[in-house]
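Hi everyone, thanks for coming. I'd like to walk you through a structure today, helix by helix. Let me put it up on the screen.

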Amino acid sequence: MKVLGVEIFGREVRIVALEQNANDIVDYTEKYKPIALEDDEISNNVILFKNTLFSVFDNFAPNEIVIKYRNPKGKGLHAPSPISFKIEGLIQIYSEAKVSFVFPATLAAYYKKNKLELKPSFGYQNEALKTAYHFIKTN
């Protein structure tokens, strides 16, 4: 099973690609860098962002894309950006893999009892890695 863990952070999409082979979980993200939506008021930028994102998804060929849920009612530091909802909607229309969500509280509860056995290649990938790893271990 191939899973993409996704964290939407402001205007960026951070992705970690994991694959479960027999008893191993392998990170096949390689040198992927976050994809950013620049100036979302220009429709050509949104189209380019969607096409780039879908091309990355196609290259990874996942069975499932799991997004770390963002609370739409969050306040202050926990408030998601309006742009992140646009990005989330674009991800949800990707039709080549199932798209699902996991709540941050679910991840926190899981990692209180379980250890993350993989290390991200880059620090910014940590939440996406936790999301994908949790999905593989619990499904």
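Let's begin with helix H1, residues 43-60, in this predicted model. Helices here are DSSP runs of H or I with at least four residues, strands are runs of E with at least two, and both are numbered from the N terminus. H1 has 18 residues, and at 1.5 Å a residue it should span 26 Å; the expected span is 1.5 Å times one less than the number of residues. Its end C-alpha atoms are 26 Å apart, which agrees.

Two housekeeping points. Residues are numbered from 1 along each chain as its sequence is written, and side-chain values use heavy atoms, with hydrogens and water left out. Because the model is predicted, local features need pLDDT of at least 70 and side-chain atom pairs count only at pLDDT 80 or more, while totals for chains, interfaces and linings use all residues.

Now, which residues of H1 are buried? They are Val46, Phe49, Leu53, Phe54, Val56, Phe57 and Phe60. Buried means under 20% relative accessible area, exposed over 50%, and partly exposed in between, with a 1.4 Å probe and protein chains only. On the face turned away, you'll find exposed Asn44, Leu48 and Asn59.

What does the buried side of H1 pack against? Its partners are strands E1 (2-9), E2 (12-21), E4 (35-36) and E5 (64-68), plus helix H2 (82-92). Contact means heavy atoms within 4.5 Å. Just after H1, alanine 61 takes a positive phi of about 50°.

On to helix H3, residues 104-113. In H3, Leu107, Tyr110 and Tyr111 are buried. Down the axis of H3, they fall within an arc of 90°, so they line one face of the helix. Ala105, Lys112 and Lys113 are exposed on the other side of H3. The buried residues of H3 pack against E5, strand E6 (98-102) and H4.

Last stop: serine 100, which lies in strand E6. Is serine 100 buried or exposed? Serine 100 is buried, with a relative accessible area of 15%. Leaving aside neighbours within four places in sequence, serine 100 is in contact with Glu64, Ile65, Val66, Ile67 and Phe135.

Key: Arc of directions from axis to C-beta.
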